[in-house]
Structures are given as structure tokens and as C-alpha cells.
Amino acid sequence: MLLAIATISLMAGLFGLILGYAAIRFKVEGNPIVDQIDALLPQTQCGQCTYPGCRPYAEAIANGEAPINQCPPGGQATIVALADLLDTEVLELNAEHGEHLDVPLLAVIDEQTCIGCTLCIQACPVDAILGAAKHMHTVIADECTGCKLCLPPCPVDCIEMVPAPQTIEDWKWTLPPALEPSQHA
Amino acid sequence: MHELHRFHGGLKLDAHKSESLVRDLQQASLPARLYLPLKQHIGDYNKPLVAVGDRVLRGQMIAACDSPICAPVHAPTSGRIAAIENYPVAHPSGQSDTCIVIDVDGEDEPAEPMLPELQHADAQRMIELICRAGIVGLGGAAFPTSPKLSRGNAHGIDTLIINGVECEPYITCDDMLMRHYPAEVMRGVGYLQRILQPKSTLIAIEDNKPEASAAMAAALAGLTLDNTEIVTIPTIYPSGGEKQLIQILTGKEVPIGQLAFDIGLFCQNVGTCVAITRALEQDQPLISRVVTISGDNIREPGNWEVRLGTPISHLVELAGGYLDAASAYLVMGGPMMGFSLSGDRVPIVKASNCILVMRDETIPHSPGHHDECIRCGKCTEVCPANLLPQQLYWHARAQAWERAQEFHLFDCIECGCCSAVCPSGIPLVQYYRAAKSEIRAAQKAHARSDRARLRFEFRERRLQQKKQQEEERRRLKREALQKKKAGGDASVQADPVQAALQRVKARKQAAAEEGTP
């Protein structure tokens, strides 16, 4: 009887130690599901989903606070990928948040009109605008995500969103035209 | 006799080689203008080194970049830079790309060659010279040769394979090159051996090129190259594909996701060997190549040694013109793997091995629609990469890119065997190409979004830090103030207002005391 109690207590203590060690040794930093959701989002950081960036939106999805159809830059492809990851139903993109564009946008500053107020630099979520106070600003085209967040703060409306220029490298082969209904049917 | 192996599938095709072999190799005349795309290789874009109005000499470097995978562009002849502008280029999209346009002055004045001391050059130095000469693989892929050599050199090479196979119908440029420049090919092989130190070298030539084989054998006899053998292989399409040729010669398969030098092999085209010889011996960069012009709509099919940048229309003129200009359909490359061109303004580039001029009627156009797959399995039988073309087709059609990748879509060499045998006329390769480019675009977008995430997170961190620093500064200031205040209570002088009030109080008190007695 005593031996049994001692053995069980010893084992309980031992396993407790192992579990305690494992909890420290194999601790998962952050929430892995948030990382997985974040990896599928387009990282435009545009806030059209009403969250201040892609990661906050990913957190909201992970907590079940937001549906998966609030990301216009990602479009249907992102919704399908999210639905696949979370094993939920594929939804239509919620039009309230905006429209999906096939060609990404690029901000272009009209350098003649720019007064160098630095407001757009502060608004850019990915530090893609270069310039200093009272000096001309310019957009680093390769880094611009096309989020439009630089538009509202500009006091002289000198920023324009244009479709990102497509080079010969961006060209894609297209699938052959869809099958016509079989004539033998 | 070297033991040969077989690869899976493949096709016996109508060769159509004799048309362009009736005439000897000819030197193409210089056109009035040359159009040199900034990028004629796989890798990064070159930047122009010249400005509009500059005079350039033959062999002068006019565009380069500092990326490791790069092949500079050189002026093919002397002349003046007329423009640096968008011009239609040889690309399946039919789009334009930046080209350097040279107004040819006809003097063909060479730049001063810097003859290297070849006797003492080590592998590194030779690779550098090959890089400077802008040499790319001339078999058609146009991958820069110098990075390939560096990596081959680092891996250690067992067998060097020289590819003189040229298995696609109509194309005869390598055949012609081997007949005309066998000694240069062989000396190039010698330089490759010096760089790579292979244990053995195999020069593969198909059995439908006996003249080229004989010329190469004669050239080999005149040199002392160790363990070098010319191997005649049977004519089966696509035995000229790198992986297929490796399988024929060694029986080995290049594992998925690896390259030839991962298993100790190194393939190089015969044309590249000639370019290497010229670069090392005469300091002549890659400014010309042998091009086949053939097909059923050209008057005098043949082979020309053409300066890069020559418009195809000039070459067509040299070949006697179109038989029926109205129905001319131009293809760059062969009928199996080539792509159609937007017109004859397009210039010859480093990758142009053949210009096929066909009649519109005889080209099997990718039809507006095709019949349903009847699951006959013929495509699987002929696939030289041992894939399941039918499965790939279903997944590509359903846009199930991940599933297609699971079926090794990226091991497809786009040889076109499956499309050629399909009884339903399904343009299978087009499905695979579309799937590949969709996947590549997605990967590119993903890389871009990863970068955006990093930049966003960095900015967040920076703002956080700034906020913390600001708070820290405020805290310190507040503390300093409180300290000062605490100190001020101890000595009255610290607070001037209190001091003044006290002084007034003291004076009033003194006055009151004076008044009382």
C-alpha cells in the first residue's frame, strides 16, 4: 500500500518535472496560427480590413473576431487560401471593404508639386517614401505596396496611384481557351 | 565503344534537316542597324554602359551588370549608338524590351584586343575571361556560362559532356558549326577540361550527322586531349535535352531539384565551346552566332553566321525572301519547343539557334478549342521526363497549382512530345507553361509580401522604440524636476517667490515691532 503510494507519487513528481521542463524548453513564441494566417495575407498594410495592418487582422481572424473576406488586395485567392488553412467555408469578398485589382497599384509623387511636408513619409506603413522636410519626396517603387495610406495626409494632393508598370518578365503564359461543349454529346 | 542507355519515351520525328544543309555556312552581311536587347540571357538585367551618340567599336562592351548571374552585351560591329529604346524582342509575349540600337558604319573597326596570357591562366582567370566575353549557353537556354563553370568547378566534375546532338527538326546550326569549326570546338573542349579537370569527356553527336562526326574526329586526332571520346547516339527526340543526354551517355538520372553538377556531370553545347575558344584566344566576345533559317516558306534555307542584333527581316532577305510573304509565320527555335514571333523586325539574340519560316496553313496552330482528353495514355508513353502528362493536364486545367507541383510540373522540359501525340489535339505544353508562370508569379508576389512584412515590422519596432525613448526622456525630466523641488524645500533661496513673500513678511513684522513700543 505504502509502496504503491510512494511509487505513484514519485512518478507524478517525475512527470511533473518533465512537463515543467518541456514547457520551458519547447515553448512556442507567439501564436503559430496567427503567423500562418499572416503569411497568407498580402502584406499591403492598407487597413482596408479596418485593422491597422495585416498582422492585427490575422490576429482578429485567429480570435474569431473577423471573417476571412475583408482583404481586397488579397482578393478571392487569399480568401480561398485562408478557408483552406482554417477549414472554413469560402466566402465572397466583402465589397464594403473595397474592390480587388488584378494589377497592383503604385504610388507616384508629382515631384514638381511636392512641398516636402513629410506627412506621407509618416503615413507609409513600409517606409517606402524617401525625403526630408522641405525637400522633394519620392516613392521607392520596388517597396510600395499600393496601400493608398499616403493619399489622405498629402496637403497638396500630389500623390497619384497608378497601376504598377508590367515588364516583359511579369508576362504570363495563359491557359488555352476553355473547352467548348463536346459536339458528340 | 561507349555503352549507351535509353531514356523513357521520346519520339522519332521527320528531321527536315536536309533543306538547310544543301547550302554551305555563309557569313551574313551587316544590316544598317543592329538592335541589341539589354538582356539576352537568364538572369538579371544589364545596364547600358554607353550613351546615345557614342561611337562604339566591334567587341566593345556596351551593357553589363554586377550580378553574379550576368552576361554582358558587346557591340557586334563599329558604329554609333542611335537610341536606347523599347523595341520588339524575341519573347513569347511578343512584347518590346529595352534595346541598344547601333547605326552601323560599315567599317567594322575592332576594339583593341587584350590578349590574355593563356599559358599561365588558371581556372579562375579563364572563367573571368569567359564572363567578360558575355558567353551564354548557345544550345537555346542562354544561361550564362561563367557562373555555371564556377559552380561546376566547385563541385568537382567526373564527366564533361559536349552536346552536339541538336535533336529538333529543321535546326542544323550545330551540325554546320561542327563541320566548319571542328578545331575551334575541340580547343574549346580543351579549355573546359583545363577549367573543370574532368576524369573523362564525351562528345555526343547524333547518328544523322556523319559529316560533322568525321570532321570532329579529325580535329580530335590533331590534338592531345585526355580521355576524350566522340560518341554517336541514335536519333531520338529529345536526346539533346541535358537530362536526356546524360541518361543516354551515363545511365544516370539527375535527381529532382538537382542539377547535372550535383552528380558530377557538366554539359556544354558545341557552339559555346567555339565561343570560349574565340574569347580566350582572340579576346573576341560573343558577338555572332550560327543561325539556321529554314521552313516551307523561305526561298533558300541555310545557315548563316549572323552578328547579334541583326533583324530577322535582314536574314530573310539574305535567304532569298519569303515564298509567300502574306502567310509567313515566324518561329524562333524549332517546331517542337520554339515560340512564335510577333514579326520579322525582331533581332537575333544569343539564344536564337533557328528561325523557322512557315506558311500559316502548315503550322499546327494551337486551336481555339480542342477535344476532350480520352485518357489514352499516349502522352505518358512518350514523356522523356517520365512524368504523368495527363495528370498534369487535369491539375493545370483546374488551376490546382499545388497538385500540379506534386506531380513534378517543374521537371517538365516542355519538349512537346505529349502535345505532338495527343489524339485530341490538346495543347498540353501550353497548359504546363501557363501553370508554371502562374506559380512563378505567385512565388514572386509571396517574396514581395515577405519583404513588405519585414519592413512593416521593422517600422513598428522603430516607432515603438522612439516612443519608449520619448517616454524615458520625459520620465528623466520629470524626475529631475521633482528632485529639484525636493531640494528647494530644504533651502528657502531655492524658490524665489517664497523667498520674496518671506522677505515681505519679515519686513512687515519688523515695521509692526517698530510701531509697538
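I looked up the domain separation in chain B first: the centres of domain 1 and domain 2, taken over C-alpha atoms, are 36 Å apart. The domain assignment puts domain 1 of chain B at 18-29 + 119-307 and domain 2 at 379-487; such bounds come from an automatic or database domain assignment.

I noted that this is a predicted model, in which local features need pLDDT of at least 70, side-chain atom pairs count only at pLDDT 80 or more, and totals for chains, interfaces and linings use all residues. Residues are numbered from 1 along each chain as its sequence is written, while chains are lettered from A and ligands numbered from 1 in the order in which they are written.

Four residues of domain 1 of chain B touch five residues of domain 2 of chain B.

Next I took helices H2 (residues 123-132) and H5 (residues 182-196) of chain B, whose axes come within 8 Å and cross at roughly 130°. Axes are lines fitted to C-alpha atoms, for helices over the stretch in contact, with angles from 0 to 180 degrees between N-to-C directions. Ala123(B), Met126(B) and Ile127(B) of H2(B) meet Tyr191(B), Arg194(B) and Ile195(B) of H5(B).

Last, I looked at strand E8 (residues 96-104) of chain B. Strand E2 (residues 33-37) of chain B pairs with E8(B) in the antiparallel sense over five bridges; pairing requires at least two bridges found by DSSP. Leu36(B) has Ile100(B) as its bridge partner in E8(B). Strand E7 (residues 79-88) of chain B also pairs antiparallel with E8(B), over nine bridges, and there Arg80(B) is partnered by Asp103(B). Helices (H or I, at least four residues) and strands (E, at least two) are DSSP runs, numbered from the N terminus.

Definitions and conventions:
Contact = placed C-beta atoms within 7 Å.
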